[in-house]
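Let's walk through this one together, piece by piece.

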Number of protein chains: 2
Amino acid sequence: MEANEIIHQTVRLKIMSALNTANEAMEFTRLKSLSGATDGNLGSHLNTLEGAGYVTVEKDFVGKKPRTRVTITKAGKQAFARHVAYLRDVLEGASTGDAS
Amino acid sequence: MEANEIIHQTVRLKIMSALNTANEAMEFTRLKSLSGATDGNLGSHLNTLEGAGYVTVEKDFVGKKPRTRVTITKAGKQAFARHVAYLRDVLEGASTGDAS
DNA sequence: TAGAGAACTCTGTGTTGCAGAGTTTATATT
DNA sequence: AATATAAACTCTGCAACACAGAGTTCTCTA
């Protein structure tokens, strides 16, 4: 089993976990305070996740304020679940892994 | 709670987890096959971990062959346990964290 | 008109991770 | 004696990354 380096990165791991748990769209602002990232940084991480097909990003306006909402995709959920399984494996020494 | 970036890196996470589980010295060669890292890379990761005080590295000779053995320290065990707790927190959405 | 907030994009800097080459020491092989 | 092999490195690039911070667009509010 292999680590998913896209998901493993700490900021993205927080984002993916939050989205996975929420199971519904979350706002940019929410993710920002949750992850502690700056605007630019968060935008870039979301681009990475979107590029991987793990999240979708929708922009609309509420009244006149822009709103960006992020939702985890099916592929994202699967990749996340797989990575969590990988972590469990590694952390519990469950892998008897001798790759030699 | 904060991520431990030293431990979080995938190769080092594997190493720390293996050492923590083994609870005794492990050989360089073993860690190499286990982590999949190249010689140089593994050496450098071990330096990082040693520099952080998470492992001790002992060199000796068995017969005439050099042997490097790596052992997790008390501080290493603590840091590892804390990071695992952090991961559990993040992964289970246990942190209601709003850092705003 | 002057802020303020949302959600960026862009640029620059510093840090990493990694492969691969070269090094040391010692044994085994021819 | 010469060669090869193994262990465990160090060193040198290179490419990717994370991050801060500045600048931008749009709109509302004071």
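Strand β1(B) and strand β3 (residues 65-72) of chain B run antiparallel and are joined by 2 bridges. Strands here are DSSP runs of E with at least two residues, helices are runs of H or I with at least four residues, and both are numbered from the N terminus. Two strands count as paired if DSSP finds at least two bridges between them. If you'd like to spot one of the bridges, look at E27(B): its bridge partner in β3(B) is R69(B).

Before going further, a word on what you're looking at: this is a predicted model, in which local features need pLDDT of at least 70 and side-chain atom pairs count only at pLDDT 80 or more, while totals for chains, interfaces and linings use all residues. Residues are numbered from 1 along each chain as its sequence is written, chains are lettered from A and ligands numbered from 1 in the order in which they are written, and side-chain values use heavy atoms, with hydrogens and water left out.

Back to the strands of chain B. They form an open sheet of 3 strands in the order β1-β3-β2, with antiparallel pairing. At the edges sit β1 (26-27) and β2 (55-62) of chain B, each of which pairs on one side only. Packed on this sheet is α2(B), which touches β1, β2 and β3 of chain B; touching, or contact, means heavy atoms within 4.5 Å. The direction of α2(B) makes about 85° with that of β3(B).

Now over to chain A, which has 5 helices and 3 strands. Starting at the N terminus, its elements run α-α-β-α-α-β-β-α. The C-alpha trace of chain A spans about 60 × 25 × 20 Å along its principal axes.

Where do the two chains come together? One place is where helix α5 (residues 74-91) of chain A meets α2(B): their axes come within 8 Å and cross at roughly 40°. Axes are lines fitted to C-alpha atoms, for helices over the stretch in contact, and angles run from 0 to 180 degrees between N-to-C directions. That's why α5(A) and α2(B) are oblique to each other; angles under 35 degrees count as roughly parallel, over 145 as roughly antiparallel, 65 to 115 as roughly perpendicular and the rest as oblique. From α5(A), the contact uses Y86(A), L87(A), V90(A) and L91(A), and from α2(B) it uses L13(B), K14(B) and S17(B).

Next, the DNA. Of the 18 residues around DNA strand C, those that come nearest are T29(A), K59(A), T68(A), Q9(B) and K64(B); a residue is near if one of its heavy atoms lies within 4 Å. Among the atoms of DNA strand C within 4 Å of the protein, 78% belong to sugar or phosphate and the rest to bases. From chain B, a polar side-chain atom of R12(B) lies 3.1 Å from a phosphate oxygen of DNA strand C.

As for DNA strand D, Q9(A), K64(A), T29(B), K59(B) and T68(B) come nearest of the 17 residues around it. Here a polar side-chain atom of R12(A) lies 3.0 Å from a phosphate oxygen, and a backbone N or O atom of T68(B) is 2.6 Å from a phosphate oxygen.

Conventions:
Polar contact = N/O pair within 3.5 Å; in protein donor to acceptor, adjacent residues only side chain to side chain.
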